[in-house]
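Look at the sequence and the structure first, then read on.

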Amino acid sequence: MQRSEALTEADRLMTICNSCRYCEGLCAVFPAMEMRRAFTGGDLNYLAHLCHACGACYVDCQFSPPHEFDVRVPAVLARVRHESYADYAWPRALAPLFRRNGLAIAVITVLSIAAFILGLAAFNAPSTWLESRHGPGSFYALMPHNAMALLFGAAFLWAAVAFIMGARAFWNDIGEPSATLAKPRPLLRAIRDAASLRYLDGGGVGCYNEDERPSDNRRFYHHLTFYGFLLCFASTSVATLYHYLLQREAPYPLWDLPVVLGTLGGIGIVIGPIGLYAAKRKREPAMMDGGSRGMDVAFLAMLVLAGATGLALLLLRETRAMDVLLALHLGAVFALFVTMPYGKFVHGLYRFMALVRYARERHSAELEARST
Amino acid sequence: MTPEHVIADHPLTYDVVVVGGGNAALCAAIAARRAGASVIVLEAASKFYRGGNTRHTRNMRCAHDAATATLSGPYPEEEFWDDLLRVTEGETNEQLARMMIRESKDMLDWIAEQGVRFQPSLGGTLSLGRTNSFFLGGGRAMLNALYLTAERLGVDVIYEAEVVALDIDTDRFRAAIVQQPDGRLRVRGNALVAAAGGFESNIDKLVEGWGEIARNFLIRGTPNNRGTVLDLLLAGGVDSIGDPTQCHAVAIDARAPKYDGGIITRLDCIVFGIVVNTNCERFYDEGEDVWPKRYAIWGRLVAAQPDQIAYIIFDAKSANLFMPSLYPAIEAASIGELAGKLGLDAERLSATVTKFNTSVRDGDFNPDILDNCRTENLTPPKSHWARRIETGPYYAYPVRPGITFTYLGVRVDHEARMMMKTGGPAQNMYAAGEIMAGNVLGRGYAAGIGMTIGSVFGRIAGSGAARHAAQ
Ligand SMILES: Cc1cc2nc3c(=O)[nH]c(=O)nc-3n(C[C@H](O)[C@H](O)[C@H](O)COP(=O)(O)OP(=O)(O)OC[C@H]3O[C@@H](n4cnc5c(N)ncnc54)[C@H](O)[C@@H]3O)c2cc1C
Ligand code: SF4
Ligand code: SF4
């Protein structure tokens with residue numbers, strides 16, 4: 001198969017780095033690279049997904065531009081990652097969604113929100129719409145719980161299937177046996193590395209953004225975003241359990257677990273992405289893949305929208321604004337779910353899998369070293 | 001340079017003026033500033049290219065009594081001294097060298113205190129894990145850390161500030177004249193630290209020592225080390241040390257750029273093949289010793305060949321035994337075809353290979369030790385790792401002399417103070433790094449000593465200059 005320009009360039013860079021190796025202590029990419037002499041497309045995709053874009057190898061490299069060797073590892077690996085998302089997309093027909101991703105996601109979101117507003121308006125008598133409501137079940141007066149569960153359950157299922165298919169495509173591409181995914185040691189290692197963003201630390205001092213001064217900003221905001229998202233997810237899960245196991249209906253009181261989790265999570269997915277966006281705006285352009293900017297921003301914006309509408313709903317749920325806010329929030333969350341497999345969210349999945357493989361490779365290499 | 005060319009005076013008079021921007025300069029600047037002096041660094045390069053050859057370095061050699069987090073075992077002073085004595089074949093100032101080795105024990109901690117980070121001790125890849133500490137992220141990362149520290153301490157730095165003249169009154173430095181993009185600037189100081197590197201990037205100066213053949217040399221590092229400051233100092237009455245043709249020169253890929261190709265153009269496959277010149281003749285024992293030990297002799301050997309070029313020839317058996325490098329090897333299905341691609345005479349090359357092959361005595365090939373695969377009745381012999389070149393495809397790398405740095409420099413005393421031709425030390429002029437490396441390294445090289453010389457003498461020069469300026 002003809003290699004894309006990005007893969008060809010990544011191959012050139014990895015050949016240079018492999019003969020230099022000065023960056024081998026910075027992250028997992030370089031030790032993984034050193035285990036190979038030549039690089040297949042799958043190898044390059046694997047290395048690209050191991051990269052956390054901390055920027056250290058750009059700021060530390062004696063061959064970064066204006067040097068004629070033009071070594072820009074973070075930017076080129078970002079480009080490769082971006083291209084690979086479309087390659088792994090399921091169903092194939094939706095791969096083009098990655099092309100003008102910012103626009104695509106914006107359109108889907110607007111349509112989704114519009115559908116919820118119109119839907120809620122259509123299914124509720126004009127006299128009850130925009131009325132202020134109180135107490136348990138007030139959301140479901142507007143939209144029946146079963147309808148909500150069905151709709152979101154379907155969206156969730158769709159996303160889950162698309163992720164699994166994407167993950168399969170990635171695993172096949174990098175040529176790793178599926179058995180690796182069942183081994184506890186690499187899995188645990190990868191969970192630890194991913195949860196701590198171990199490789200976004202520039203080799204220990206923090207990552208590099210606008211200049212050669214390291215800072216830990218991006219890691220901090222990424223943590224807010226990621227754990228914020230997890231808390232929101234946990235909130236929804238707890239609420240679902242409440243509903244079915246305890247027969248307790250939302251909205252819940254402020255001190256109740258789903259609300260506490262959701263509030264903390266909501267704050268995380270509002271502040272985190274804003275911080276990441278601010279860092280992105282200041283970032284040295286030579287470290288970035290300009291082509292994926294739309295996708296990055298769209299995903300950050302989606303998270304902020306979902307978080308902000310959720311928090312607003314919490315604050316104003318006793319007022320007449322509730323109906324509109326509920327429609328907005330449900331629309332945003334629905335759009336987030338259905339677009340997740342076709343946007344920046346997937347980086348987390350492939351990065352995690354790359355970390356699993358890296359943990360396996362490291363372990364095998366250590367065993368081999370011990371036995372010889 | 002006459003004063004009329006000076007368009008402006010720097011408003012400040014600094015205690016210490018540091019010329020250069022590499023490891024030696026920054027160690028001096030930081031040490032002087034920490035001793036309370038006001039300090040300015042004048043760096044000829046732009047911000048990106050700051051730090052000359054230091055940008056390309058990877059590690060530093062320091063004596064130490066026990067293994068540390070970054071070093072796999074003890075490296076006593078005496079062993080360091082033995083290593084230095086062996087590579088220089090006695091061409092070293094014993095008093096200065098022993099002092100440097102003693103001081104080097106303290107350097108790793110000191111450098112780390114300035115923000116430089118080291119890698120955890122490596123496994124054997126480079127067999128330097130015991131003697132040398134590796135900078136995390138390499139030399140440029142190390143420089144970035146030193147610059148951040150210097151700036152934080154309040155050292156002034158100007159880039160694109162090439163020193164083109166020195167105002168020296170007998171044995172006393174008064175000011176440096178700096179060429180900047182928009183004109184000239186006079187920077188006055190109470191003391192000078194010259195840390196402006198050697199003269200390896202000045203081909204005309206190399207030609208003075210080596211003759212015209214030097215035009216075919218490639219320079220592995222910065223194009224900025226042109227020896228301007230060295231010349232100015234020697235013209236100003238400072239005594240010199242060293243031989244203009246002594247330098248660190250290795251064989252690097254002939255396709256490398258003229259300057260700044262750095263580490264990735266080196267080739268460490270010589271021990272696995274044979275090396276021929278344009279007449280298809282072998283000219284040295286390729287298997288004399290393990291690669292790191294004999295690495296630094298091949299620059300000189302290739303420089304002595306016609307057109308200053310040679311070719312490493314090996315076969316498929318050896319293709320994966322060495323570190324990959326920047327350019328792919330030239331490949332062919334037969335030795336004749338390979339000769340064609342290299343522009344060599346096919347018959348002659350085949351004859352050389354055949355003769356080599358018939359002289360090979362089989363043994364147990366082992367790339368990690370001095371094995372018993374050698375030739376018999378062949379001149380020059382190949383004493384180890386000799387294996388017949390008979391398994392296609394066949395490969396070649398063209399190589400040229402790659403100059404790392406030069407040894408002719410200014411003579412200094414144990415305080416890093418420059419010595420005058422008239423005898424006795426200068427009043428307020430100090431030197432550190434490549435520009436005075438010849439005091440310790442008269443010839444030869446041991447990996448990581450460039451950084452040792454720069455750090456140790458840089459720190460001594462910086463504190464000495466600060467002390468002097470305070471008087
Ligand atoms: C590819 C390569 C790899 C190397 N690897 C190692 C290694 O791993 N370990 C090791 O110990 N050594 C290594 N060396 C050698 C090492 O680079 C030098 O010994 C060391 O950098 C010398 O430090 P320095 O500060 O004296 O000079 P440099 O680092 O070269 O700095 C000289 C500075 O002076 C500036 N300058 C020059 N002229 C003027 C002027 N007229 N006015 C103002 N500024 C001027 C230059 O711009 C430069 O910043 C390597 C060298 C190369 C080329
Ligand atoms: S990024 Fe630059 S310094 Fe780092 S390994 Fe690659 S070539 Fe070497
Ligand atoms: S940007 Fe950071 S994570 Fe990516 S390859 Fe470079 S050092 Fe590794």
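Contact here means heavy atoms within 4.5 Å. The model is a predicted one.

## The two domains of chain B

By that rule, 18 residues of domain 1 of chain B are in contact with 22 residues of domain 2 of chain B. Domain 1 of chain B is written in two pieces, 7-244 + 408-470, and domain 2 covers 249-402. Their C-alpha centres lie 35 Å apart.

The area buried between domain 1 and domain 2 of chain B is about 1800 Å². Carbon and sulfur atoms give 54% of that area. Which residues of domain 1 of chain B lose the most area to domain 2 of chain B? They are B:Asn216, B:Leu218 and B:Arg220. Together they make up 44% of what that side buries.

Polar links join these domains too. The count is 12 residue pairs in polar contact, both at pLDDT 80 or more. On the side of domain 1 of chain B that touches domain 2, α5 and β9 (218-219) of chain B each supply at least two residues. That side divides into 8 nonpolar, 6 polar and 4 charged residues. Across this interface there is 1 salt bridge.

## Two buried residues in chain B

B:Asn439 sits in the loop between β20 (425-431) and α11 (449-470) of chain B. Is B:Asn439 buried or exposed? Its relative accessible area is 2%, so B:Asn439 counts as buried, the cut-off being under 20%.

The side chain of B:Asn439 has backbone partners. It reaches the backbone oxygen of B:Val410 at 2.9 Å. A polar atom of the B:Asn439 side chain also lies 2.8 Å from the backbone oxygen of B:Met436. Leaving aside neighbours within four places in sequence, B:Asn439 is in contact with several residues, among them B:Thr92, B:Leu96, B:Ile241 and B:Arg411.

B:Phe199 lies in another loop, between β8 (183-194) and α5 (203-210) of chain B. B:Phe199 is buried as well, with a relative accessible area of 2%. Where does the chain come back to B:Phe199? B:Leu408 is 209 residues from B:Phe199 in sequence, but 8.5 Å from it in space, C-alpha to C-alpha.

Chain A is divided into domain 1 (5-86) and domain 2 (89-362). The contact takes 30 residues from domain 1 of chain A and 37 residues from domain 2 of chain A. The C-alpha centres of these two domains lie 29 Å apart.

Domain 1 and domain 2 of chain A bury about 3000 Å² between them, 62% of it on carbon and sulfur atoms. In domain 1 of chain A, the residues that lose the most area to domain 2 are A:Tyr46, A:His52 and A:Tyr85. Together they account for 26% of what that side buries.

The two domains of chain A share 13 residue pairs in polar contact, both at pLDDT 80 or more. Which elements give two or more residues to the side of domain 1 of chain A that touches domain 2 of chain A? They are α2 (29-34), α3 (41-50), α4 (56-59) and α5 (73-88) of chain A. Of these, α5(A) gives the most, with 8 residues. By class, that side has 19 nonpolar, 7 polar and 4 charged residues. The count of salt bridges between the two domains is 2.

## Where chain B meets chain A

The chains also touch each other. Here 36 residues of chain B are in contact with 31 residues of chain A. The area buried between chain B and chain A is about 2700 Å², with 53% from carbon and sulfur atoms. B:Arg117, B:Ile264 and B:Pro324 supply 19% of the area that chain B buries against chain A, more than any other three residues.

Between chain B and chain A, the count is 17 residue pairs in polar contact, both at pLDDT 80 or more. The side of chain B that touches chain A divides into 16 nonpolar, 11 polar and 9 charged residues. The count of salt bridges between the chains is 2.

## Salt bridges by name

| Residues | N to O distance |
|---|---|
| A:Asp289 and A:Arg79 | 3.9 Å |
| B:Arg55 and B:Asp260 | 3.7 Å |
| A:Glu212 and B:Lys47 | 3.2 Å |

Key. Residues numbered from 1 in each chain as written. Chains lettered and ligands numbered in written order. Predicted model: local features only at pLDDT ≥ 70, side-chain atom pairs only at ≥ 80, totals over all residues. Heavy atoms only, no water. Domains from an automatic or database assignment. Buried area = accessible area lost by both parts, 1.4 Å probe. Salt bridge = Lys/Arg side-chain N within 4 Å of Asp/Glu carboxyl O. Polar contact = N/O pair within 3.5 Å; in protein donor to acceptor, adjacent residues only side chain to side chain. Helix = DSSP H or I, 4+ residues; strand = E, 2+ residues; numbered from the N terminus. Nonpolar A, V, L, I, M, F, W, Y, C, P; charged D, E, K, R; others polar. Buried < 20%, exposed > 50% of the residue type's maximum accessible area, 1.4 Å probe, protein only.
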